[in-house]
Amino acid sequence: MRPLTEDETKMVFEKLYKFIGRNIKALVDRPDDPHCVRLHRQRVYYVREALMRRATCAARDKLVSLGTCVGRLTHSGKFRMTIGALDLLAQHARYKVWVKPAAEMQFLYGSHILKGGLGRISEAVPAGSGVVV
């Protein structure tokens with residue numbers, strides 16, 4: 001488990017900024033319970049600092065997971081978000097889309113959501129922006 005390098009940090013926060021926007025500051029700077037971002041086995045974790053300090057006692061090969069897995073770094077050096085980041089994104093997302101139950105299965109099977117399948121949508125969502133469904 002180690003802190004992210006400058007380039008890795010930039011990639012992670014650029015991807016999170018696409019979905020969260022300026023709320024990214026609320027994600028890291030939490031006065032009540034400080035959190036940090038760490039890398040372990042090419043996976044990026046969002047961890048409470050108290051838990052991270054306790055985990056330094058464990059050997060790296062014995063440590064399986066720590067905190068919430070936000071994503072992973074690929075071999076080509078890109079950052080891919082995982083399903084674990086959805087909980088964090090849903091709390092702080094700028095743009096959200098609610099899907100009607102009738103269109104939910106189509107979306108889960110990989111089809112596009114048509115306009116009629118939208119239950120509600122955040123206001124002024126620009127084209128090509130990241131949204132949380």
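This is a short tour of the model, stop by stop, with something to select at each one.

Before you click: the model is predicted, so local features need pLDDT of at least 70 and side-chain atom pairs count only at pLDDT 80 or more, while totals for chains, interfaces and linings use all residues. Residues are numbered from 1 along each chain as its sequence is written, and side-chain values use heavy atoms, with hydrogens and water left out.

**The whole chain.** Show the cartoon: there are 5 helices and 7 strands, taken as DSSP runs (helices H or I, at least four residues; strands E, at least two) and numbered from the N terminus. Trace the sequence and you get β-α-α-β-β-α-β-β-α-β-α-β. Along the principal axes, the C-alpha atoms fill a box of roughly 55 × 30 × 25 Å. Of the 133 residues, 31% are buried; buried means under 20% relative accessible area, exposed over 50%, and partly exposed in between (1.4 Å probe, protein chains only).

**Helix 1.** Select residues 6-20. Those 15 residues should span 21 Å at 1.5 Å a residue, and the end C-alpha atoms are 20 Å apart, which agrees (the expected span is 1.5 Å times one less than the number of residues). Which residues of helix 1 are buried? Colour Glu8, Val12, Leu16, Phe19 and Ile20. They cover an arc of only 80° around the axis, so they sit on the same side of helix 1; the arc is that of the directions from the helix axis to the C-beta atoms. Now turn to the other side of helix 1, where Glu6, Asp7 and Lys10 are exposed.

**Charges over rings.** Show side chains for Arg94 and Tyr17: the charged end of Arg94 sits over the ring, 5.6 Å from its centre. The test is NZ of Lys or CZ of Arg within 6 Å of the ring centre and within 35 degrees of the ring normal. Next, pick Arg120, which lies over the face of Trp98 at 4.0 Å from the ring centre.

**Two positive phis.** Go to the loop between strand 2 (35-40) and strand 3 (43-48) and select Arg41. Its phi is near 55°, positive in a residue other than glycine, and Arg41 counts as exposed at 52% relative accessibility. Finish in the segment after strand 7 (118-121), at Ala124. Phi of Ala124 is near 55°, and its 71% relative accessibility makes Ala124 exposed.
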